[in-house]
Amino acid sequence: RLYNNETELFNAKGTGCITQLWFAGDLVWRNFGETIIKIYVDGDSEPTIEFELLLSVGVGFNKLTIDPWGQRRIGNTALSGGIYNTIKIPFEKSIKITGRLPEHDIIPVDSHGFYFMARGLTTTGLPIPILLSGGALQLPTNTKLKQQRLESYVALPNEQVTLYETNQTQDIGGAYYMIAMEADNDHSLHYLEGRFVAFIDGEEITLSSGTEDYFLSAQYFDLGDFQTPLSGCTEISRLEHKFSGYRFHEEDPIVFNHNFKLQWQAGDGLHPLTNTTITTYVYVYEWEN
């Protein structure tokens, strides 16, 4: 069962790689999607990766899943669960996974039935190789999956928001892998005019001319929700001005040799806009040169 405090779900020593995580809960559990999972890699004192279950697969605002969906990396196939991912999490020494209830899910409902699977591979020596772009790109053996989060960040109109930045005091190579994002605004969807920009070894590269373009859609997601292996829009509301979705860069890797920064612009400065609240999970495979 899960409680309001952190509960250990899995703990392993040695060298290996998590290849699948799956989560489910009690049949009637309205806040199941806000359950918090923390992953500690190689003895990190703070979580290497931390997420709410639904947003980890790109579903924002604790939206209940009515139509099950899934693809090879992520999915949500049941009302109170069936949330899975097959994102590879390598470890050299150890890995620990914990879970806890959302902060507002308190007594008298102080525990819930929780179901969990972790699958992976262990080795007696060399780490498990991480392959991108259909196996054409093999990452170095000292690769770690890193995550940076913004939670309920209030972005000013036209603000350039940094979503991820490598340690500037270290020489870090890596590959930008995935983002999950939710955004809402009280007045409009014009924040979707904002572009994504990457700074790769100091060079500025525009990744998209607008937010929906970056998620491989167009015209403010005018056909509604979709889920593909590359990207998805899991929520678009023209009444509430909300959006959530995910984007993978497994087939189109964004690789850097020394440093990396990812930014999103809240709008384009041309359309009227008020403050926009966003939550983002950005995942990058990193290695020390």
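Modeller: Let's begin with burial: a residue is buried under 20% relative accessible area, exposed over 50%, and partly exposed in between (1.4 Å probe, protein chains only). This is a predicted model, where local features need pLDDT of at least 70, side-chain atom pairs count only at pLDDT 80 or more, and totals for chains, interfaces and linings use all residues. Residues are numbered from 1 along each chain as its sequence is written, and side-chain values use heavy atoms, with hydrogens and water left out.

Colleague: How many residues of strand β20 are buried?

Modeller: Six of the seven in β20 (residues 242-248), so the strand is largely enclosed by the rest of the structure. Strands here are DSSP runs (E, at least two residues), numbered from the N terminus.

Colleague: What lies between β19 and β20?

Modeller: Four residues, making a hairpin; His241 in the turn has a positive phi of about 60°.

Colleague: In what order do the strands of the open sheet run?

Modeller: Its four strands go β14-β22-β16-β17, with antiparallel pairing. β14 (160-165) and β17 (203-206) are at the edges with a single partner strand each, so one side of each lacks a neighbour in the sheet. β16 (residues 196-200) meets β17 over four antiparallel bridges, and Phe199 stands opposite Glu204 in β17.

Key. Two strands pair if DSSP finds at least two bridges between them.
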